[in-house]
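Okay, thanks for coming, everyone.

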Amino acid sequence: MALERRCFGPHEGLFQRRQIRRLLASATAAWFVYGDYWGACCMLIGANGRARWGRLYSLAVDPAHREKGIGRALVLAGLDWLAAHHIDQCRAEVKAGNEPARRLYASLGFVEAGGLPHYYGIGGHGLRLAKTLRGAP
Ligand SMILES: CC(C)(COP(=O)(O)OP(=O)(O)OC[C@H]1O[C@@H](n2cnc3c(N)ncnc32)[C@H](O)[C@@H]1OP(=O)(O)O)[C@@H](O)C(=O)NCCC(=O)NCCS
């Protein structure tokens, strides 16, 4: 919660304590934490019938530890976890104005796959992202 509050405002998808508890208890969610909560990433596995996909649900790096490769390392760990679960696609959403996150995702091979008007509240437009995972076992 402390890391979440340092990284997100109330209109930026800040998790509630209850949501974090639910995600920690879920068999289809995994958290990756770097250092002493300098950064954290939550990945989900979604399913609909036979279709299964991964979703990068949350990524946050403490402002004091940014631009040192922690965000990249966390997403890569999450993508490895998805691949180990035979998932071949990872989805994500990002705020259109979030240049650091958009660059990070682009550098990891995520492609922008459509717009999400007002996804983050009125005027807070989002983008849908997708990445194909190769080499899934
Ligand atoms: C986005 C965020 C997770 C990046 O974490 P980070 O640990 O600072 O990122 P890294 O050091 O691993 O950087 C990886 C790449 O991201 C991009 N990047 C990171 N910070 C950037 C910045 N301030 N400006 C531009 N690009 C940036 C670069 O492409 C960088 O690669 P490079 O170092 O080869 O140039 C971090 O800024 C953050 O927590 N922001 C607030 C929460 C948030 O927006 N989360 C994502 C929600 S979708």
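So, let's start with helix H3: its buried residues are Ile70, Gly71, Leu74, Val75, Gly78, Leu79 and Leu82. Buried here means 20 or more other C-beta atoms within 10 Å of the residue's own, exposed means 12 or fewer, partly exposed is in between, and the C-beta atoms are placed from the backbone. Helices (H or I, at least four residues) and strands (E, at least two) are DSSP runs, numbered from the N terminus.

Quick caveats. This is a predicted model, where local features need pLDDT of at least 70 and side-chain atom pairs count only at pLDDT 80 or more, while totals for chains, interfaces and linings use all residues. Residues are numbered from 1 along each chain as its sequence is written.

Back to that spacing: an α-helix has 3.6 residues a turn, so residues three or four places apart point the same way. And what covers the buried residues of H3? The cover includes E1, E2, E3, strand E4 (89-95) and H4. As for length, H3 has 15 residues and reaches 21 Å from first C-alpha to last, close to the expected 21 Å, the expectation being 1.5 Å times one less than the number of residues. Just after H3, His86 takes a positive phi of about 60°.

Now the strands. Two strands pair if DSSP finds at least two bridges between them. E1 (residues 29-34) and E2 (residues 39-48) run antiparallel over six bridges, with Ala29 bridging to Leu44 in E2. Their hairpin has four residues between the strands, and Gly35 there has a positive phi near 60°. E2 and E3 are antiparallel too, over 10 bridges, and Ala40 has Ala60 in E3 as its bridge partner. That hairpin has two residues between the strands, with Gly49 in the turn at a positive phi of about 65°.

Next, the ligand. It's surrounded by 19 residues, the closest being Arg66, Gly71, Arg72, Pro100 and Leu104; near means the C-beta atom, placed from the backbone, lies within 6 Å. Strand E3 (51-61), helix H3 (70-84) and helix H4 (99-107) each give two or more residues to that shell, and H4 has the largest share, six residues.

Last one: Arg72, which is in H3. Leaving out residues up to four places away in sequence, Arg72 touches Leu104 and Leu108, where contact means C-beta atoms, placed from the backbone, within 7 Å.

Definitions and conventions. Two residues are in contact if their C-beta atoms, placed from the backbone, lie within 7 Å.
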